[in-house]
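Have a go at each task before you read its solution.

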Amino acid sequence: MDSHPPRKLRHAEFEALYRRHSREVWAIAYARYLNADVALDVAQEAFLRLWKHYGDGGEIVNPRAWLFRVARNLVEDHAKSAFHRNGTHPPELMNAVRAPSELPLDGLERREVSVQVKQELAELSERDREILTLRYALEYSPNDIAAILETTVTAVHMRLSRARQRLAERLLARGVAHYP
Amino acid sequence: MSFPRESSKSIDDIENLLRAFYRHEMPASWPTPELTSPPPVQIVSGRPLRRSRAALAASLLILMAGPIFLSGKFMGYTPQNDDRESGRFEATGPKSRFQRQDLTPKPDWTGPPKPFRVNGDIKDKQ
C-alpha cells in the first residue's frame with residue numbers, strides 16, 4: 001500500500017517550498033560563512049536533499065526547520081573543508097575578487113567596502129549575523145525573524161540594536177561611512 | 001556622517017549601508033529549480049515479491065512431500081545378505097596427500113618407569 005502523496009503533488013509542494021524558503025536558506029548559509037556563492041550552493045544542495053528525501057518517501061513535519069538544519073550542517077562541512085584548503089581565513093576575507101567580469105575600476109571601492117563590512121560582520125556572533133541577514137537582505141520584520149530563529153522579538157530587537165551600533169562604530173573607525 | 005549612538009540618523013545610515021551591502025551580495029538572478037524528472041522514488045513492483053514467495057512455497061512443498069514420497073517407495077523392502085556384502089567399502093585408490101592422518105599424540109615411552117639417580121643412589125620414581 002502506497003501512502004505517499006502523488007508525485008505531482010510532491011512537485012508542487014516542493015516548488016512552493018523553494019519559492020518560500022530558498023532565500024531564507026541562503027541567508028542562513030550566508031550568515032555563517034559570509035560567502036554569497038557558497039551560500040547559494042548550500043541552498044541548492046539543501047533543496048536537492050529535500051527533493052531526494054521526498055523521493056525516498058520521507059515525511060517532514062517542519063520543512064523550514066529541516067532546511068535550516070541541513071543548510072547549517074552543509075555550511076559547517078564546507079567551513080571544515082575550507083579550513084584544510086585555506087587555513088584559518090576564508091578566501092573572501094583575503095581577497096574580495098569574486099569573478100574576473102566584476103572588476104571594473106569603479107567597482108573597486110565597493111569591493112573594498114564589502115571586504116571591510118564582511119570583516120566586521122565576521123566579528124559578530126553567528127546568531128547576530130543571521131538576524132542582520134534576515135533583516136537587511138530579506139527585509140524581514142523582527143517578528144518574522146523571531147519566528148524563524150525560534151527566539152523572542154525582544155531578543156531580536158536587542159541583538160539588532162547592538163549589532164548595528166557595533167558595526168557603525170567599527171566601520172566609522174575604518175572610514176567607511178556609506179556603501180558606494 | 002557618523003554612527004556614534006543609535007540616533008535615528010545613524011540607524012538610517014547603517015541600515016542603508018547594510019541594505020546596499022546585502023543587495024550587492026545576494027544573487028542577481030535567483031536560480032529556479034529544474035526538476036524535470038520525477039523524484040527518484042524506488043518503485044517496488046509486486047512481481048519479484050510474488051516470485052520469491054512462490055519459490056519459497058515450492059521449496060517447502062518439496063521438503064515436506066519428499067520424505068513421504070521416498071518412504072512410500074521402500075515399503076515392503078527387506079534387506080538381503082548380498083546387500084550387506086555389497087555395502088562393504090574398500091579404498092583402492094592411491095594414497096592422497098590429503099589423506100586423513102592420525103593426529104592423536106603418541107606416548108614417547110611406553111615401558112615401565114625407569115629408575116633415576118639422586119646423589120648417586122638409585123631411587124624409584126614412585
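The exercises below go through salt bridges and then a nonpolar patch.

This is a predicted model, where local features need pLDDT of at least 70, side-chain atom pairs count only at pLDDT 80 or more, and totals for chains, interfaces and linings use all residues. Residues are numbered from 1 along each chain as its sequence is written, chains are lettered from A and ligands numbered from 1 in the order in which they are written, and side-chain values use heavy atoms, with hydrogens and water left out.

**Exercise 1.** Find how many salt bridges the whole structure has, and look at the pair A:Glu45 and A:Arg49.

*Solution.* 
- Start with the criterion: a side-chain nitrogen of Lys or Arg within 4 Å of a carboxyl oxygen of Asp or Glu.
- Searching the whole structure with it turns up 11 salt bridges over all chains.
- For A:Glu45 and A:Arg49, the closest N and O atoms are 3.0 Å apart.
- Both sit in helix H2 (residues 36–55) of chain A, and because they are four residues apart there, about one helical turn separates them. Helices here are DSSP runs (H or I, at least four residues), numbered from the N terminus.
- Now the exposure classes: buried means under 20% relative accessible area, exposed over 50%, partly exposed in between (1.4 Å probe, protein chains only).
- A:Glu45 is partly exposed at 29%, and A:Arg49 is partly exposed at 40%.

**Exercise 2.** Work out which parts the salt bridge between A:Arg159 and A:Asp128 ties together.

*Solution.* 
- The N to O distance in this salt bridge is 2.6 Å.
- A:Arg159 belongs to helix H8 (residues 153–173) of chain A and A:Asp128 to helix H6 (residues 126–136) of chain A, so the pair ties together parts 31 residues apart in sequence.
- A:Arg159 is partly exposed at 26%, while A:Asp128 is buried at 9%.

**Exercise 3.** What does the pair A:Arg164 and B:Glu15 join?

*Solution.* 
- These two form a salt bridge, with their closest N and O atoms 3.3 Å apart.
- A:Arg164 is in helix H8 of chain A and B:Glu15 in helix H1 (residues 8–25) of chain B, so the pair joins two chains.
- A:Arg164 is buried at 10% relative accessible area, and B:Glu15 is buried at 11%.

**Exercise 4.** Describe the surface patch that includes B:Met64.

*Solution.* 
- B:Met64 is found in helix H2 (residues 46–73) of chain B, and B:Met64 is exposed at 59%.
- With B:Leu56, B:Leu60 and B:Leu63, B:Met64 forms a nonpolar patch of about 460 Å² of accessible area together.

Terms used
Patch = residues over 30% accessible without salt bridge, like charges linked within 9 Å, V, L, I, M, F, W, Y side chains within 5 Å. Areas by Shrake-Rupley, 256 points an atom, 1.4 Å probe, with all protein chains shown as cover.
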